[in-house]
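Colleague: I'm new to this one. Can you walk me through it?

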Amino acid sequence: MYKLLASIFIIIISHITIKLNIGPDFSISYLKQTEQCIIDGQIPCRWLIYSNNGLGFPVFNNLSPLPYYFSLIFRQFGFDYSVSLALTIITVTLFLFYFLNKLFPKKIFLVFTITILSLFTSTLFPLTLVVTFLSFFNKNFYLASLFFGLALISVDIQYFLYLLILTNLTLFLFYSQNLKKILSATMLALLLSSFYLGPSLTELLQNQLKLSETKLNYPQVIKGQAYLSQFQKRSNFWRLTAEVSSNETAQAIIPISYHPSWTILIDQAKTIPTNDTLYQPTIINIPPGQHTIVAFLQNSTSTFIFNLLTLLTGLYLFVVSFPKNVKKDH
C-alpha cells in the first residue's frame with residue numbers, strides 16, 4: 001500500500017515540480033476538425049485542415065488525439081462541442097475517482113486530493129489510464145495492456161518516454177518478481193499505440209520547422225495568366241479547376257500546407273509541387289489549357305505499417321481475452 005501511494009505521488013509531484021503540462025489541451029476547434037476527419041474517412045485522424053493559419057497541419061502527430069476521440073461519443077448523442085468536452089472531463093474524472101477509491105479504500109481525502117491535483121496539472125487522462133492499468137494488472141492482463149496502450153497515446157509525444165518510464169517504475173516497485181509480465185504488457189501497449197507513436201516519433205526526430213505566417217483563403221495565380229475556380233477542401237482532399245489562357249505555364253499558390261503525404265494530380269497525372277518546405281503553402285505549375293486539379297492525403301508506407309500493427313494487436317487482445325465456452329461433464 002505504501003509503495004502504491006509513493007508511486008502515485010511520484011507521478012503527480014513530478015508533474016508539479018517540473019511544471020510539465022503532459023496532458024492534452026482541450027480545444028473546441030480541434031474537436032470540430034476531428035469530427036470532420038471522421039466524416040471524411042481520415043482514420044486515424046492526423047491532419048487538421050484549419051490549423052496552421054488555415055493551411056492544415058498534422059496536429060495529431062504531436063498532440064494527443066484521445067480526448068477528442070472520446071468526446072465524439074457524446075457528439076453522437078447530439079451534445080454540442082463545448083458540452084461534449086465538458087462531459088468528457090467529468091466522465092474521466094469520475095473514472096479516476098472510482099479507481100483511486102478502489103486502491104485507497106476509506107481514504108477519501110487522499111483520493112479527492114489526487115483527483116483535484118490531476119485537474120490542475122493537466123494530467124487527468126494519463127493519470128486515470130495509468131491508475132486503471134495498475135488496478136487491472138493482476139486481475140486481467142490483456143485488459144490492463146489495453147489501458148496501458150491508451151495511456152501512451154494520452155500524452156503529447158514529447159512526454160511519451162517520460163510516462164513510459166514512470167509507469168514501468170511503478171510496476172517494478174510492486175511486481176518486480178513479474179518482470180516478464182511487465183515487459184509483455186509494455187510490448188503490447190507499445191504495439192497497440194504504434195499508430196500514434198510511430199508517425200509522431202518520426203515527426204519529432206525531424207527538424208522543428210516554422211509554421212506558415214501566410215493566411216490564404218483561396219488559390220492565387222503568382223505567375224502567368226490563369227483563372228482558378230471551384231476550390232474545395234476537406235481534411236484529406238482538395239480540388240480546383242484551372243484555365244490557363246496563355247501558351248506559357250502558369251504558377252499558382254494553394255492554401256494547403258506542403259507535405260509529402262499529399263498526392264497532387266492534374267488531369268489524373270501526378271505533379272510535383274515547386275516548393276518543398278514543409279507546412280508552407282503549396283505552389284504548383286499548371287500547363288496551358290483547361291484542367292481539373294485534385295489532391296489526396298495518403299499514408300506513407302511506414303505509417304501504414306504502424307496502423308497495421310495497432311490493428312493486429314487490437315485483434316489479438318480481443319481474441320485472447322474473449323470469453324471461451326467451457327464444456328462441462330455431466
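Colleague: Which side chain meets R75 in a salt bridge?

Modeller: The side chain of E35 does, with 3.0 Å from N to O. Bear in mind that this is a predicted model.

Colleague: Where do R75 and E35 sit in the chain?

Modeller: R75 is in helix α4 (residues 66–75) and E35 is in helix α2 (residues 28–40). They are 40 residues apart, and the pair links distant parts of the chain.

Colleague: Are R75 and E35 buried or exposed?

Modeller: R75 is buried, and E35 is buried too.

Colleague: How many salt bridges does the structure hold?

Modeller: It holds 2. R234 also forms one with D40, where the closest N and O atoms are 3.6 Å apart. R234 lies in strand β2 (residues 226–234) and D40 in helix α2, 194 residues apart.

Colleague: Is D40 buried or exposed?

Modeller: D40 is buried, because its relative accessible area is 13% and the cut-off for buried is under 20%. R234 has 39% relative accessibility, so it counts as partly exposed.

Colleague: Changing topic. At what angle do α7 and α8 pack?

Modeller: About 165 degrees, with the axes 8 Å apart. α7 covers residues 124–136 and α8 covers residues 141–152. The two helices are therefore roughly antiparallel to each other, since angles over 145 degrees count that way. Their crossing is left-handed.

Colleague: And the surface: which residues form a nonpolar patch there?

Modeller: F304, I305, L308, L309, L311, L312 and L315, with about 640 Å² of accessible area together. One of them, I305, is in helix α12 (residues 301–321). I305 counts as partly exposed because its relative accessibility is 44%.

How values were computed. Residues are numbered from 1 along each chain as its sequence is written. This is a predicted model: local features need pLDDT of at least 70, side-chain atom pairs count only at pLDDT 80 or more; totals for chains, interfaces and linings use all residues. Side-chain values use heavy atoms; hydrogens and water are left out. Patches are made of residues with over 30% relative accessible area and no salt bridge: like charges are joined within 9 Å, nonpolar side chains (Val, Leu, Ile, Met, Phe, Trp, Tyr) within 5 Å. Accessible areas come from the Shrake-Rupley method with a 1.4 Å probe; for residues, only the protein chains shown count as cover. A salt bridge is a side-chain nitrogen of Lys or Arg within 4 Å of a carboxyl oxygen of Asp or Glu. Helices (H or I, at least four residues) and strands (E, at least two) are DSSP runs, numbered from the N terminus. Buried means under 20% relative accessible area, exposed over 50%, partly exposed in between (1.4 Å probe, protein chains only). Axes are lines fitted to C-alpha atoms, for helices over the stretch in contact, and angles run from 0 to 180 degrees between N-to-C directions. Angles under 35 degrees count as roughly parallel, over 145 as roughly antiparallel, 65 to 115 as roughly perpendicular and the rest as oblique. A crossing is left-handed if the near helix is turned anticlockwise from the far one by less than a right angle, and right-handed if clockwise.
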